[in-house]
Amino acid sequence: MVHVTAIDETRMEGLRTTFLGALLLPADDAYEVVRHVHNGLVDRRPALIARCTNTADVVDAVNFAREEALEISVRGGGHNVAGRAVCDGGLMIDLSPMKAVLVDPSARVARAQPGVLWREFNRETQLHGLAVTGGVIASTGISGLTLGGGLGWLMGKYGMAVDNLRAAEVVTADGRVLRASADEHPDLFWALRGGGGNFGVVTSFEYDLHEVGPIVTGGLVAFPFEQSGQMYRAYREFCRDLPDELTVWAGMVHAPDGSGVKLAATLACHVGDPEAAEQALRPIRDFGTPIMEELGPIPYSTMNSMLDDGFPRGALNYWKASFLEELSDDAIDTLVRQFGACPSPMSSMMVEHFHGAVTRVPVEATAYPHRSPGFNLVIAGQWMDPAESDRNIEWVRETYAALEPHRAPARYVNYLSDDEGDQVAHAYGPAYERLRQVKAQYDPDNMFHHNHNIPPATS
Ligand SMILES: Cc1cc2nc3c(=O)[nH]c(=O)nc-3n(C[C@H](O)[C@H](O)[C@H](O)COP(=O)(O)OP(=O)(O)OC[C@H]3O[C@@H](n4cnc5c(N)ncnc54)[C@H](O)[C@@H]3O)c2cc1C
């Protein structure tokens, strides 16, 4: 267990006079609950947790950390597998109490605070039949997901979450409150759209919304595991010519009953005309012999929470992910062979297809640079028993290594694990050097480094 040096109460007097939220020290009852994030493998103990209720609280917390030379971590939804939202011995700026979502239906714009989860965001915007690309698991935070790019069911039609960001309010390392948009601090605005939490604490996100649902067409078709290879080959051909409205992923999963039975599964969401959707989705049933079929009209918010039970809070997670050069026969055979040896009935592998709007945005337009049509692979190792950690981590690493000949250099920053700090340059590719320049401008001392860090340029 890490020994946490207590922060002297007298040093906190100034902070206590203005800070509206709770300031939690290790002795406080709520501390144990709040310090934990989604990934149960992450076990860090900050010296102080500042539970912010508004932008002024965030400014106070950032100023306090700077003056007291405390390490900072920033927590949005706390969902990131790398667990960088929580640090050892420093100040955790906890944004999770900041839950407001304001929708302007006539302008089709939503402003949301950084503690909002996708479940909460969709709940408000769907009242007006509106949405923006968000995560496919409803318990994920809008903050980290958006700042890293943000992929989901709407990306074929409307691009990534960052492609729909109009503006953000940011508290910078020197405690200033800036608005970043195409017209205000455009360099910062560019960097925030993919560059993660490197540039400050985002206290408000402003998104363009689109007409979506409330009923869309989608769901899941499952096949026997033995048909995985057949499914992936059919999926690869199917993805060659998809309408923007349709996004389709294909994975290998375990039956939700805990039996450990392995399954192949195709997941799809079509956000266009229901008749066109029915026709476009029909071939999926022929990817194999379905043993479960739940494909049809579905509320958009249900589509985005359909997989939630498979990713419980507190489960132990170790992931690796990478874009693939191509979904070749050899890659498919390796995927299937490796999943056959998967030791945990909670783990899964997902191939996510990119096409349409997300691939038409110029690479240099945002700091999120992965704009080629193709496939992204996620190996999601998940288990409950700490005694099983070594075995499961080893399986993820072995699987990733076996896929080496098929992997592209590109990595999605939001899927990087805690031990992959050296992969950040790959995650940003052509955007990396410009990100370092912007970092030098807004955070030259690298105060915000407890993340997938982009070091400031030195000259
Ligand atoms: C089960 C599961 C499903 C997922 N599904 C998807 C998906 O469908 N699409 C997708 O794109 N990604 C997905 N992800 C990845 C997801 O995008 C990242 O985990 C993301 O970081 C989560 O955001 P968060 O706010 O919950 O995370 P947090 O852990 O709170 O934060 C992640 C990082 O961002 C920083 N940060 C958070 N908020 C702020 C802020 N307001 N200002 C500055 N820095 C901040 C944190 O310091 C940390 O470094 C999934 C992850 C999991 C575990």
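Two strands pair if DSSP finds at least two bridges between them. Helices (H or I, at least four residues) and strands (E, at least two) are DSSP runs, numbered from the N terminus. On that basis, A50 stands opposite I93 in β4. This is a predicted model, in which local features need pLDDT of at least 70 and side-chain atom pairs count only at pLDDT 80 or more, while totals for chains, interfaces and linings use all residues. Residues are numbered from 1 along each chain as its sequence is written.

**Sheet**

- Four strands form an open sheet with mixed pairing, in the order β1-β2-β4-β3.
- The edges are β1 (22–24) and β3; each has a single partner strand, so one side of each is left without a neighbour in the sheet.
- On average, neighbouring strands of this sheet are turned by 20 degrees against each other, direction ignored.
- Strands β2 (residues 48–51) and β4 (residues 91–94) run parallel and are joined by four bridges.
- Helix α3 lies across β2, β3 and β4, and runs at about 170 degrees to β4. Axes are lines fitted to C-alpha atoms, for helices over the stretch in contact, and angles run from 0 to 180 degrees between N-to-C directions.

**Domains**

- The chain is divided into domain 1 (20–94), domain 2 (101–212) and domain 3 (215–421), with bounds from an automatic or database domain assignment.
- The centres of domain 1 and domain 2, taken over C-alpha atoms, are separated by 22 Å.
- Contact between these two involves 13 residues of domain 1 and 16 residues of domain 2, where two residues are in contact if their C-beta atoms, placed from the backbone, lie within 7 Å.
- On the side of domain 1 that touches domain 2, helix α3 (residues 55–67) gives the largest share, six residues.
- That side of domain 1 divides into five nonpolar, seven polar and one charged residue. Ala, Val, Leu, Ile, Met, Phe, Trp, Tyr, Cys and Pro count as nonpolar, Asp, Glu, Lys and Arg as charged, and the others, Gly among them, as polar.

**Ligand shell**

- There are 36 residues around the ligand, of which G76, G77, G141, G144 and G197 come nearest; a residue is near a molecule or strand if its C-beta atom, placed from the backbone, lies within 6 Å of it.
- Two or more residues of the shell come from each of β3 (72–75), α5 (142–148) and β10 (201–208).
- The largest share, five residues, is that of α5.
- By class, the shell has 14 nonpolar, 20 polar and two charged residues.
- Both domain 1 (20–94) and domain 2 (101–212) give residues to the shell, so the ligand lies between them.
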